[in-house]
Each structure stands twice: as C-alpha cells, then as structure tokens.
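Please open the structure in your viewer and get your selection tool ready. We will take the tour one stop at a time.

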Amino acid sequence: YLDNFASVADEVRNAIECRSPRSARVIRGGTLLAQVTDVHFGATVKRDGNVYNTNVASRRLAAYAEEILALQAQTGASELGICLTGDIFDSKIGKMRTDKVLHSEGPAVWSFSMGLEIIKQFVTELAESEAFGSVTLYGIVGNEARLTMERGHGELMATESWDCLLNADLAAHFGPTDVECDFGVNRHVVEAEGWRVLLMHGDQGLSATCNQKECQSILGLHNADFGMSGHIHNPLVTGHWIRSGSLIGTDSYAGEGLNLS
C-alpha cells in the first residue's frame, strides 16, 4: 500500500490542486413555463402592511418579469411559455359580496383596461428582451372574473368572463407579432419539451389539498404528465402538480374571514 501510495501521491495532489468547480446545471436550454394567476385587477387591500391596487400589481408583475429573465440567464432556456390560469380580474358579479364591491378600485371596465395594458407590457418586456427565441401565451378562464352570477362549466357560459376577453384582446394584439397565442376555456393542455402540461384554474374537480389520487385522475383524463393551477391563493408543489399563490397576498377575506395568510 505504501509503495502504491508513493507512486500516485503526486498525481492525486496535482489533480486536487487543478480541479475547478463545476456548474450545478449540466443541461442548458429548454423551455420555461411562467405562471400568472389570481392577479385580481380591480381589487384593493390595505391591512397589516400589505397594500394592493393596480399600481402595486404592475410593480409586482415587473419584478416577476425580472425574475423570469434572471432564471433564463441561469438556465439558458430558449423558449418561454406564459400561462395565464384565471382570475386575472376581479368581478363584482363573480362573487357578489358587498365587502368586495365596496373595496373595488373603480368600475370594472376601468380595471379591465388598466389590467389589459399591464399584461401587454409584461409580455412585451419578456418578448422584446431577446432572451428567448420564442414566446408563447397560453390562457384559460377563472371563476371570479365571470360576468354571470352562476359559474359556467359549458364553454358558451364560461367564456362570459373578463379573463376570456383578456385572452381575446391579447390574441388580437400579439397576432401580428412573433408572440404566439394558444388559449382554451376551462382546461388546456400545453406541449413543452415532450411534456403535456394541463392548465386549470383549480375550482373545478380539484380540492384544496390537491391529493395524489385526484391529481392523477385529472391528468389521466387529459393524457397529461403535469398540472398547473391557482385559485386557492396558497402555493403548493408536488411531484405532478404546481399551484401558484396570488399576487394579492393576504386580504381581509382570507385574514379575518378564513384565518388564512
């Protein structure tokens, strides 16, 4: 053993001194899917240091865009998919609570016009950054942005929604550009790097726990590998599903009404 050590000691020492740290990311490229959900343009919050309105929403989305660009720099991703999974807007009709109506920022049409422009800016900033070779917009509708008292499940009723109007306007705006648009209504499957990713808002057929049995059942119905949803305003990550939180943070309904944060 001593003779063997003597013969390789110099070689081992040289290898140790010359080694360099290797990046944790061996594979670069691919596709990033960035989820935008439960923005609730038109809603306001002022409690326990959390203030939310259209101006705050625009700042948080701008910060989110910077996070996406930073992640692209880390991963070298060549494609970006922006997934709008509903409740981008508040609606006085969607949940006809007096509390919600009294704390709305203004008329629903004003909130929609402002929110539409902010989402356009968000997408444009990412598309014009030239960080990605291609940018695709995906979207579905939520439950609170609806224009009817009852939540619609059929497409004709479900499309009576500010979210659906947003998707239509985005398709018209970005149609002549290099940004591709691919929208659904209640559910939509996105193809990315050989994965089939199911987009849902999260209020249909999915409980707050997102347990494995129900997730696998829904994914099986759509021949999908992975799922993304929102709705609950509480983030959750599992092996086959991601649920994003809300851009709003804790409001009075969650904090005082449900004792949630």
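What follows is a walk through a predicted model, with something to select at each stop.

**Stop 1: Colour by confidence**

Begin by colouring the protein chain by pLDDT. The chain averages 89, and 98% of the residues score at least 70.

**Stop 2: A sheet of five strands**

Now show the chain as a cartoon and find the open sheet whose strands come in the order β7-β8-β9-β11-β10. Its pairing is mixed. Which strands are at the edges? They are β7 (187–192) and β10 (236–237), each of which pairs on one side only.

Select β7 together with β8, residues 195–200: these two strands pair in the antiparallel sense, over six bridges. To see one of these pairings, pick A192, whose bridge partner in β8 is W195. While you are here, show the side chains of E191 and R196, which meet in a salt bridge with an N to O distance of 2.8 Å. R196 is partly exposed, at a relative accessible area of 24%.

Pick L199 and look for its bridge partner in β9, which is M228. Now select the whole of β9, residues 226–229, and turn the view. F226 and M228 point one way, G227 and S229 point the other way, and all are buried.

**Stop 3**

Select D203 and R151 and show their side chains. They meet in a salt bridge, with 2.9 Å from N to O. This pair links distant parts of the chain, 52 residues apart: D203 is in the loop between β8 and α7 (212–221), and R151 is in the loop between β5 (134–139) and α5 (155–158). Are these two residues buried or partly exposed? D203 counts as partly exposed because its relative accessibility is 24%, whereas R151, at 14%, counts as buried. The cut-off to keep in mind is that buried means under 20%.

**Stop 3: Two helices side by side**

Select helix α2, residues 54–75, along with α4. Their axes come within 10 Å and cross at roughly 15 degrees, so α2 is roughly parallel to α4. The crossing is right-handed.

Stay with α4, residues 108–128, and pick K120 and E117. Both lie in this helix, three residues apart, which is about one turn. Their side chains meet in a salt bridge, at 3.4 Å from N to O. K120 is buried, with a relative accessible area of 15%, while E117 counts as partly exposed at 38%. How many salt bridges does a search of the whole structure find? The search finds four, and the pairs you have visited are among them.

**Stop 4: A buried glycine**

For the last stop, select G42, in the loop between β1 (31–36) and β2 (45–47). G42 is buried, with a relative accessible area of 5%.

Terms used. Residues numbered from 1 in each chain as written. Predicted model: local features only at pLDDT ≥ 70, side-chain atom pairs only at ≥ 80, totals over all residues. Heavy atoms only, no water. Pairing = 2+ DSSP bridges. Helix = DSSP H or I, 4+ residues; strand = E, 2+ residues; numbered from the N terminus. pLDDT = per-residue confidence, 0-100. Buried < 20%, exposed > 50% of the residue type's maximum accessible area, 1.4 Å probe, protein only. Axes fitted to C-alpha atoms, helices over the stretch in contact; angles between N-to-C directions. Parallel < 35°, antiparallel > 145°, perpendicular 65-115°, else oblique. Left-handed = near helix turned anticlockwise from the far one by under 90°.
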